[in-house]
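Hi,

Here is the structure I promised to pass on to you. Have a look at it first, and then read my notes below.

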Amino acid sequence: MDALHNHILGAARRWFRKQVAWRRYLHQHPELSFGEFKTTSYLRKTVRSLGLELMPLKMDTGLLAQLKGDRSGPTVAMRTDIDALPIAERTGLRYRSKVEGCMHACGHDMHMAVVLGAAAVLSEMRDKIPGTVRFIFQPAEESPPGGALPLIENGAMDGVSMIFGLHVDPSVPTGKIGLRDGVTMASVIDFDIVIQGRGGHAARPHDAVDAIVTAGEFIQALQTIVAREIDPVSPVAITIGRIEGGGARNVIAESVKLKGTARALSDKTARELPKRIKRTAKAICRARGAKAEVTFFLGYPVLDNHPTANEILRKNFSALFGRGKIVQTPLVLGGEDFARYLQLAPGAMFRLGCRNPKIGAVQPWHSSNFMADEKALVYGTALLCAAALDSLVGDSL
Ligand code: NI
């Protein structure tokens, strides 16, 4: 290991205790998407104490901060999400959530601690930073259209030449990371559909238009879009996750409300889906004498990791922690609005291994028993610092 990597790793280890304290405070005080008020003020206080400059932001939650090196140069960004989930924590941890029904079950508390740690380490080495490091604390990752867009509108990506993000991964052991070049996560298209029929007596279907039967036909037909209308080499998933309609067993339902989400691994396929979903809903409803009202919401684009940014991560992780510690991240149809930043600058999101069976850190994301091994903080912090510096100085690391 060369001197600079050695320095970074030493500093990351020195900040570890402090990071654990930050992480545990954030874990105990989780807040839902766009409601991250306490989180934001805690981050602001911490970032100020590290001597970072706060950037103006016309948003209720979230934070933009930056650190100017002693020499001028390009700007590199690192991003953490800051929101939690409406899940009641069941881990039994000493520092479990103090907020009823709300939990950092996706590890965003870990991401915040890593990025704060990177800010702490880098703030001590301004003389080695030939440019600016920007820290993006983003609200509402869990809730499309998400917090990335408003942050970008507030200038989060102005002048940024490369961006890095991370997500803890309970399927990867602590001490390893996951990377994947190119498309890694899906485009997300959320939609609501209201099927309007005509109510009536259960025994007189001919006098009514049954919204429940029509909804049943439509739900089946959605899967035929996947199987017969989309190129099978381009993966797609369409799920209706919520259905609401009807009142009593002997009354034909007048209307049914459906909430769904569609996923695709190419933006081209993603653009196809809304018109096909809408056409199917309208046609089936028309055939049955019902009406369909279809609403699409702004979702997330495909997440496309830039190979150059991944190479920087790969090279620096190996320099810090040795070879053989990098696994290939599998393709998934989950979505992540880090994708929005990647539309504006090359960058990559790595998976930070946080699996440790000895302490029970094995449960999947969004589980009420989700836990992350805090030892992962050192690996994430050192990597972000080294990658940020490398992207600023090029090959001199
Ligand atoms: Ni997450």
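Let's start with Cys354, which is buried: its relative accessible area is 0%, and the cut-off for buried is under 20%. Keep in mind throughout that this is a predicted model. Cys106 is buried too, with a relative accessible area of 7%.

Next, the nonpolar cores. The largest one has 71 residues. If you want to find your way into it, look for the residues with the most contacts inside it, namely Met78, Leu122, Phe135, Phe137, Phe164, Phe350 and Leu384. Helix 9, running over residues 376-393, gives the most to this core, with 12 residues. There is also a second, separate core of 25 residues, and Ile189, Ile230, Val256 and Ala264 are among them. As background, nonpolar side chains in soluble globular proteins tend to be buried together.

Leaving out residues up to four places away in sequence, Phe137 touches Leu43, Val47, Gly62, Leu63, Thr80, Ile82, Val115, Leu116 and Leu151.

Val256 counts as buried, at 1% relative accessibility. Its contacts beyond four places in sequence include Ile193, Val194, Ile195, Ala211, Ile212 and Ala215. Val256 and Cys385 are 129 residues apart in sequence, and their C-alpha atoms are 52 Å apart in space.

Now compare Val302, in the loop between strand 13 (291-300) and strand 14 (303-305). Although in a loop, Val302 is buried, with a relative accessible area of 6%. Setting aside neighbours within four places in sequence, Val302 is in contact with residues including Val183, Met185, Ala264, Leu265 and Ala339. From Val302 to Arg79 you go 223 residues in sequence, but 17 Å in space, C-alpha to C-alpha.

Thr280 is another buried residue, at 10% relative accessibility, and belongs to helix 6 (residues 267-288). Not counting residues up to four places away in sequence, Thr280 touches Phe218, Ala221 and Ile225.

Finally, two helix pairs. How do helix 1 and helix 3 pack? Helix 1 (residues 3-28) and helix 3 (residues 108-123) meet at an angle of about 140°, with axes 8 Å apart, and are therefore oblique to each other. The crossing of helix 1 past helix 3 is right-handed. On the helix 1 side, the contact involves residues including Trp15, Trp22 and Leu26, while helix 3 brings in, among others, Met110, Met112 and Leu116.

Helix 7 (residues 307-321) and helix 9 have axes that come within 9 Å and cross at roughly 125°, so helix 7 is oblique to helix 9. Helix 7 passes helix 9 in a right-handed crossing. Among the residues that meet there are Ile312, Leu313, Phe317 and Leu320 in helix 7, and Val378, Tyr379, Ala382 and Leu383 in helix 9.

Cheers

Technical notes
Residues numbered from 1 in each chain as written. Predicted model: local features only at pLDDT ≥ 70, side-chain atom pairs only at ≥ 80, totals over all residues. Heavy atoms only, no water. Core = buried A, V, L, I, M, F, W, Y, C linked by side-chain atoms within 4.5 Å. Buried < 20%, exposed > 50% of the residue type's maximum accessible area, 1.4 Å probe, protein only. Helix = DSSP H or I, 4+ residues; strand = E, 2+ residues; numbered from the N terminus. Contact = heavy atoms within 4.5 Å. Axes fitted to C-alpha atoms, helices over the stretch in contact; angles between N-to-C directions. Parallel < 35°, antiparallel > 145°, perpendicular 65-115°, else oblique. Left-handed = near helix turned anticlockwise from the far one by under 90°.
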